[in-house]
Amino acid sequence: MTASSESAETDIARAIDRQIQTWLKAAPAQLVTDATRPIEEAADQFSGRYLVLAGQALPGTADREQLLSAAASVACLSAQMRLKANEAIEADSDDTTRAVLASDFLHSLAYAGVPTDDSPAQTRHATESIGQACYRSLTTASQRFTRCWFRSGANDSAQTAPIEPIVTAAAGELAGLLEEANDKRLDALRSLGLTLGLQRWRQRTSRTQSRHRTAESDPELPQGLPETLTQTEVQEALSMLPESSDRSVLERFVDSVLTIGHSNPSET
């Protein structure tokens with residue numbers, strides 16, 4: 001990734017942070033402190049950066065502020081999932097009540113960036129507006145997180161919760177909805193987000209579990225997730241977007257994610 005690309009992504013992450021801080025201003029100080037901690041744990045705003053870059057690579061009409069607002073929503077959803085995972089592990093902790101309140105607060109903030117646009121969504125869900133479709137996307141992500149982690153019996157460590165693939169898939173879908181992409185492009189961005197998120201999840205859980213493993217191996221894949229893309233399918237997904245400088249920026253971002261670590265997307 002070039003220095004200019006890194007600078008642009010840093011600017012996006014900072015803009016997402018500023019949007020979240022705007023939403024936090026009216027909340028009580030203790031609630032802000034408790035809600036901010038899980039946000040800061042993912043300070044690079046990975047899923048949000050993907051949403052903005054994907055949206056900019058589409059020929060839609062959403063402005064940067066709309067994309068940043070949606071990116072802040074997925075950042076809050078990611079933070080809420082972190083707290084929710086910890087709640088299940090630390091159910092008897094003295095801090096459980098504060099964690100529950102912060103989790104509920106973040107859950108509400110996750111919907112703060114959903115547009116109220118009542119224009120028809122350009123997807124197979126013909127009866128939905130763009131706002132309704134975005135709301136459904138976030139709700140589906142929350143439900144998927146519950147199904148593939150809490151119900152799978154995998155909640156022995158909050159650090160293994162599959163937050164990145166679920167949230168980044170939703171980020172891709174939101175980008176497509178806001179930019180009024182057709183079904184093929186929207187599905188491609190959702191699947192690409194899942195693939196990128198899974199790579200980031202592998203990197204995080206590999207670091208977390210390395211001290212407990214006797215041999216190098218990928219962490220066990222989360223159960224209940226859709227299939228990810230092969231390397232060829234990643235390129236096919238990107239080729240569905242119009243050729244432009246913004247698509248090139250997205251391609252560099254994708255390449256930087258998929259070439260880091262010991263995992264190859266063609267093996268998933």
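Good morning. In α2, residues Q30, L31, D34, A35, P38 and I39 meet R98, L101, A102, F105 and L106 of α5. The model I am presenting is a predicted one. By class, this contact of α2 with α5 comprises eight nonpolar residues, one polar residue and two charged residues.

Let me turn to the geometry of this pair. Two packed helices are described by the angle between their axes and by the distance between those axes. Here, α2 and helix α5, which covers residues 96–110, pack at an angle of about 75°, and their axes are 9 Å apart. Angles from 65 to 115 degrees count as roughly perpendicular, and α2 and α5 are therefore roughly perpendicular to each other.

The second pair is α3 and α10. How do their axes cross, and within what distance do they come? The axes of α3 and α10 cross at roughly 150° and come within 8 Å. Angles over 145 degrees count as roughly antiparallel, so α3 and α10 are roughly antiparallel to each other. The crossing of α3 and α10 is left-handed. On the α3 side, F46, R49, Y50, L53, A54 and Q56 take part, meeting D246, V249, L250, F253 and V257 in α10. The contact of α3 with α10 has eight nonpolar residues, one polar and two charged.

Helix α10 also packs with α9, a helix of residues 231–239, at an angle of about 160° and with the axes 11 Å apart. That angle makes α9 roughly antiparallel to α10. The crossing of α9 and α10 is right-handed. The residues in contact are V234, L238 and S239 of α9, together with R247, L250, E251, V254 and L258 of α10. They divide into five nonpolar, one polar and two charged.

Which residues of its lining lie nearest its centre? They are A42, D44, F46, E164 and R200, out of 24 lining residues. The elements giving two or more residues to the lining are α2 (29–40), α3 (46–56), α4 (64–89), α7 (163–178), α8 (183–209) and α10 (245–258). Among these, α4 gives the most, with five residues. By class, the lining of the largest pocket has eleven nonpolar, six polar and seven charged residues.

Thank you.

How values were computed
Residues numbered from 1 in each chain as written. Predicted model: local features only at pLDDT ≥ 70, side-chain atom pairs only at ≥ 80, totals over all residues. Heavy atoms only, no water. 1 Å grid on protein atoms, 1.4 Å probe; cavity = no way out; pocket = protein on both sides within 12 Å on 5 of 7 lines; lining within 4 Å. Helix = DSSP H or I, 4+ residues; strand = E, 2+ residues; numbered from the N terminus. Nonpolar A, V, L, I, M, F, W, Y, C, P; charged D, E, K, R; others polar. Axes fitted to C-alpha atoms, helices over the stretch in contact; angles between N-to-C directions. Parallel < 35°, antiparallel > 145°, perpendicular 65-115°, else oblique. Left-handed = near helix turned anticlockwise from the far one by under 90°. Contact = heavy atoms within 4.5 Å.
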